Amino acid sequence: MQPRFDWALEPLADMSPAELHDWQTLLEERSGMVVSERRRSFLQANLSARMREVGAPDYASYYRKVTSGPRGAVEWSTLMDRLTVQETRFFRHPASFELLGSYLGQRIEQGTPGRPLALWSVGCASGEETFSLAMATAEILAGRDSDGGFGVTGTDISLSALAKSRAGIYGARKLEQVEPSLRERYFLPLPDDRFQVIPALAARVCFARLNVLELASSPISGMDVIFCQNLLIYFRRWRRREILNRLADCLAPGGLLVIGVGEVVGWQHSELLPVANDQVLAFTRKSL
């Protein structure tokens with residue numbers, strides 16, 4: 001009889017209702033992520049893949065592994081890297097960057113706040129949006145009579161995504177939506193058809209791990225621009241509003257908050273004014 005080497009490809013048994021409930025509860029309590037019945041197969045496939053890697057025989061034993069002590073915390077971080085969707089693109093929503101351009105132009109005409117402009121990409125994944133914000137801001141400041149500098153912060157819950165962001169290296173396909181002139185100015189060619197963000201732009205950007213459920217204890221504040229797009233869809237409606245309320249508190253007077261279209265309906269904040277734009281869901285904080 002020939003030995004079998006395909007055991008690792010065999011699917012694990014389906015999760016029981018009780019096991020599914022335990023994992024749903026754990027994920028929501030720790031990260032806010034909601035895993036509906038429709039995403040059961042997504043959860044099961046990712047759990048199964050990681051369980052094979054660490055030799056966990058069943059869902060219950062792996063659950064105990066990720067919830068037990070310091071080693072469990074490390075394993076939890078690894079698992080979150082698997083479960084968080086990290087698909088993003090440079091200048092993913094052009095209308096949002098057009099709004100950013102007009103907003104920053106007005107801010108410069110009115111006089112910058114006497115300090116470097118501070119921008120924030122929430123849920124930055126592998127950094128494309130963060131560097132897009134940096135390129136857009138650099139272009140606007142270079143074309144205006146402004147002495148002000150700027151800095152962009154990208155935050156995400158995934159450590160592996162943040163590692164990719166900090167490296168600032170992207171394949172040619174990732175840069176397809178970047179205008180050729182911007183590609184020439186802000187990227188250096190590398191072997192194997194890859195490109196790296198130039199040091200001068202990378203120096204304007206920093207990346208940090210942040211769970212949006214912990215915004216209340218975050219030191220981030222006084223931001224002039226906050227982009228939070230394609231993140232809120234993973235949370236319950238009440239939690240989306242809670243996160244947005246926290247982000248609103250992080251805005252400086254006159255600051256701009258840009259949200260993914262359709263991610264929240266009917267949300268209002270006493271200190272924010274909606275931006276009149278048919279293509280972008282955005283708000284500005286009232287000035288003092």
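A charge sits over a ring if NZ of Lys or CZ of Arg is within 6 Å of the ring centre and within 35 degrees of the ring normal. With that in mind, and remembering that this is a predicted model, begin by selecting R204 together with F150, where R204 lies over the face of F150, at 5.0 Å from the ring centre.

Select R30 and W76 next, and you will find the charged end of R30 placed over the ring of W76, 4.7 Å from the centre of that ring.

If you follow the chain between them, you will see that the pair links distant parts, since F90 is in the loop between α4 (69-83) and α5 (94-110) while F187 is in strand β4 (residues 187-190), 97 residues apart. Both F90 and F187 are buried.

The next selection is F131 with Y170, another edge-to-face aromatic pair, with 6.3 Å from centre to centre and 80° between the planes. Because F131 lies in helix α6 (residues 128-142) and Y170 in strand β3 (residues 169-171), this pair ties together parts that are 39 residues apart in sequence. F131 is buried, and Y170 is buried as well.

How values were computed
Residues numbered from 1 in each chain as written. Predicted model: local features only at pLDDT ≥ 70, side-chain atom pairs only at ≥ 80, totals over all residues. Heavy atoms only, no water. Helix = DSSP H or I, 4+ residues; strand = E, 2+ residues; numbered from the N terminus. Buried < 20%, exposed > 50% of the residue type's maximum accessible area, 1.4 Å probe, protein only. Phe/Tyr/Trp six-rings, centres within 6.5 Å; stacked < 30°, edge-to-face > 60°.
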